[in-house]
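Biologist: I would like to learn how to read a structure like this one, feature by feature. Could you take me through it slowly?

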Amino acid sequence: MKQYQIVSWVIIIGLMLLLQPLDRAVEYDRLVLGLQQPTPWFQIAARGAAGETELAVTGVTGVIVGAALGGFREVAATMLWMKTHEYWESGQALQVKALWLMRLVTLLDPHWLEPWRITAWHLAYNLYVETDDPALQSKYLQMGVDCLKEGVSWNPDRYDLYVELGWTYFDKVEDFEEAAKWFEASKFYPHPEYVDRLVGHAYERMPDIPRALDAYDYRLKRDPTDGTAKGATITIRERYLHPWYFMEEGRHDKALELIDTHLLAKPDSTLALHVKGYLAEQAGDTRLAYETWKRAGDGSALDFHAQRRAVELAHELGIPTQDTPQYIYMQRQARTQKRMDGSVPGRDNLKR
Amino acid sequence: MLPVIRVARATFHEAWRRRFLNGILVFAILIIGSSWLFAYLQPGAELQMVIDIGLGSIRFFGMLIAVFLGTRLVPDEMERRTIHTILAKPVSRAQFLIGKFAGGAITIAANLILMGLAFYAVFAIKAPAFVAEKPEDALIFQAMYGNIAKAILLSFFEMFLVLGIAVVASVIFTWVLSVITTFVLYFVGQMADLFQQLSDPERGAGLFARIVLGAAYRLLPHFEIFDMREAILQGIYVPWTTLAKTAGQGAAYLIVVLLIGYLVFNEREV
């Protein structure tokens with residue numbers, strides 16, 4: 001070997017050795033600064049290998065792979081997104097493919113909010129109504145919520161997915177404690193005014209009357225002409241604040257009497273029934289609470305909160321009942337929470 | 001030093017006469033110029049789409065220019081036999097190779113500057129309208145201008161590395177094979193993390209995978225480090241030290257590649 005070759009190889013080996021700590025330093029910087037590509041190729045490849053290969057082949061064309069590898073991840077995500085709609089609209093048999101592709105879109109471009117929103121909506125709403133099995137429905141709820149939580153973790157500085165998650169809790173799971181928590185979280189970022197009202201609605205339906213009033217008060221301080229907040233404040237003060245105060249004083253009979261007066265005038269009022277159910281629980285009258293929640297649940301097919309509470313109390317009272325998806329979901333959450341920190345989630349753990 | 005400058009200058013002038021390079025540049029500027037049209041494909045993320053298409057095009061077309069220019073620089077001289085005239089003069093093979101690379105690098109730099117200016121123009125005209133539609137992006141919008149310049153700067157180092165690999169591949173292989181080799185290295189280099197993860201014993205990698213894939217990860221160029229679109233999209237400030245480290249890594253790898261090229265070229269019949 002000639003001398004210049006020896007020198008060259010020494011330099012090459014020296015530089016390759018020098019590259020290792022430099023590579024680690026760059027990798028560390030990219031990790032800390034969040035410069036790394038959203039989803040490592042490893043994770044995308046691993047999904048394909050985990051029994052989803054067939055779906056990958058049918059959905060992910062060469063053009064899409066080429067676009068992704070060529071550095072156009074967002075373009076690839078857009079092309080895939082169009083394909084997902086094609087699959088979804090083609091019928092039930094292709095919906096699994098569509099959902100897998102939707103997850104792939106979120107992996108390729110996690111800062112595009114639309115796929116998170118739509119994927120979670122398909123899971124928690126559309127697949128939910130495709131089955132009558134409450135266990136499966138609760139699973140879809142869980143998947144929808146988890147999808148949005150992952151979306152939030154990718155986009156923590158935008159209000160959108162906090163609200164979307166809050167709305168899924170509010171409208172579909174009807175876990176108003178969680179809904180209020182996520183609506184409140186979205187208020188840290190620039191957000192539209194309706195979010196402030198949603199916080200109030202969540203506390204109202206929970207029910208937590210003082211907090212609902214606080215939320216509407218917050219809204220009215222920002223816009224004194226807000227008709228919804230004004231109307232809600234008047235209604236709450238007229239109908240529910242006094243019963244609430246009586247309850248806090250321990251005068252449950254008086255509180256229930258006042259609520260019953262309102263229910264005489266408006267027997268189907270969801271809010272009044274929720275307040276009455278809660279007052280009965282606080283009074284320790286489980287039977288009355290059960291009957292009230294059941295009445296509310298039977299009165300509205302979409303009052304999942306009342307239906308869940310009725311199932312919970314039926315279990316306490318030993319009344320045979322059919323578990324609802326929301327009940328199964330909440331039971332699973334409680335078990336998970338208990339495993340994690342030994343506490344049970346609920347309104348008592350919320351800081352006022 | 002003078003022979004290197006002369007070879008580089010001649011290479012630069014010759015490169016601008018190559019029609020396919022001009023074609024790629026014109027096409028790239030057209031795509032960059034119309035990147036705002038693609039923005040409407042992603043409702044709610046128009047600004048992000050403009051950046052992705054614009055900067056993605058700069059990287060992609062820059063890579064095409066680097067590959068097709070780099071793989072023709074030395075073989076053309078050999079085919080036309082002009083290399084004999086050049087090497088007969090007091091120009092060493094090392095000077096010739098470095099001169100060729102430098103000429104190509106200046107050409108690529110000029111192309112990247114033109115593409116960068118086109119993108120800046122589109123961004124300056126269209127971005128404020130998209131931000132007006134989505135006021136929450138205003139917070140990250142201000143940081144974007146500086147970050148875009150840094151992203152383009154990193155593209156320079158990335159393309160110099162691609163050019164270096166293309167030049168060296170053309171010295172070792174035939175033209176078609178050198179183009180394929182450079183493309184494969186570029187795309188595989190984008191997925192360097194895959195090799196890292198597959199060779200990770202905590203993820204169940206065996207001894208063979210640890211050695212082979214671990215070696216692949218350490219030997220392959222890591223092209224993904226030159227991509228900082230994530231930072232731009234999220235409005236993260238990228239410190240100059242990080243840029244310097246990334247550029248340093250690219251430069252060190254480039255020297256290794258060129259040294260290998262020199263070792264091969266010096267022993268090769270021309």
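**Reading the two chains**

Modeller: Let us begin with overall size: a compact globule of 270 residues would have a radius of gyration near 18 Å, and chain B, at 20 Å, agrees with that. Please keep in mind throughout that this is a predicted model.

Biologist: What does chain B span along its principal axes, and how many helices and strands does chain B have?

Modeller: The C-alpha trace of chain B spans about 65 × 50 × 30 Å along its principal axes. Chain B has 12 helices and 0 strands, and 46% of its 270 residues count as buried. If we take the contacts in chain B with a separation of 6 or more, residues 24 or more positions apart account for 81% of them.

Biologist: Which elements of chain B have the lowest and the highest mean pLDDT?

Modeller: Helix H11 (residues 229–234) of chain B has the lowest mean pLDDT among the elements of that chain, 76, whereas H12(B) has the highest, 92. Over the whole of chain B the average pLDDT is 87, with 99% of the residues scoring at least 70. For the complex, the predictor gives an ipTM of 0.82 and a pTM of 0.73.

Biologist: How many residues of chain A are in contact with chain B, and which element gives the largest share of that side of chain A?

Modeller: In general, the size of an interface is often given as the accessible area lost when the parts come together, but here we can read it by residues. In this model, 39 residues of chain A are in contact with 45 residues of chain B. On the side of chain A that touches chain B, the elements giving two or more residues are H1, helix H2 (41–49), helix H5 (73–90) and helix H7 (113–127) of chain A. The largest share, 16 residues, comes from H1(A). By type, the residues on this side of chain A divide into 23 nonpolar, 10 polar and 6 charged.

Biologist: How far does helix H1 of chain A reach, and where does a kink lie in H1(A)?

Modeller: Helix H1 of chain A, residues 3–33, has 31 residues and reaches 44 Å from its first C-alpha to its last, which is close to the 45 Å expected at 1.5 Å a residue. Within H1(A), a kink of about 25° lies at A:Gln20, shortly before the proline A:Pro21. Just after H1(A), A:Gly34 takes a positive phi of about 75°.

Biologist: Which residues of H1(A) are buried, and what covers them?

Modeller: An α-helix has 3.6 residues a turn, so residues three or four places apart point the same way. The buried residues of H1(A) are A:Leu19, A:Asp23, A:Val26 and A:Arg30. What covers these buried residues includes helix H12 (240–267) of chain B.

Biologist: Why does A:Ala289 count as buried, and which residues does A:Ala289 touch?

Modeller: A:Ala289, which is found in helix H17 (residues 286–299) of chain A, counts as buried because it has 24 C-beta neighbours inside 10 Å. Leaving aside residues up to four places away in sequence, A:Ala289 touches A:Gly277, A:Ala280, A:Glu281 and A:Leu313. A:Ala289 and A:Tyr278 are 11 residues apart in sequence, and their C-alpha atoms are 6.9 Å apart in space.

Biologist: Does A:Lys97 count as buried or exposed?

Modeller: A:Lys97, in helix H6 (residues 95–108) of chain A, counts as buried, because it has 21 C-beta neighbours inside 10 Å. The C-alpha atoms of A:Lys97 and A:Thr84 are separated by 7.8 Å, although the two residues are 13 residues apart along the chain.

Notes
Residues numbered from 1 in each chain as written. Chains lettered and ligands numbered in written order. Predicted model: local features only at pLDDT ≥ 70, side-chain atom pairs only at ≥ 80, totals over all residues. Helix = DSSP H or I, 4+ residues; strand = E, 2+ residues; numbered from the N terminus. Expected span 1.5 Å × (residues − 1). Bend = angle between axes of the 7 residues up to and from the residue. Buried ≥ 20, exposed ≤ 12 C-beta atoms within 10 Å, placed from the backbone. Contact = placed C-beta atoms within 7 Å. Rg over C-alpha atoms; globule rule 2.2 N^0.38 Å. Nonpolar A, V, L, I, M, F, W, Y, C, P; charged D, E, K, R; others polar. pLDDT = per-residue confidence, 0-100.
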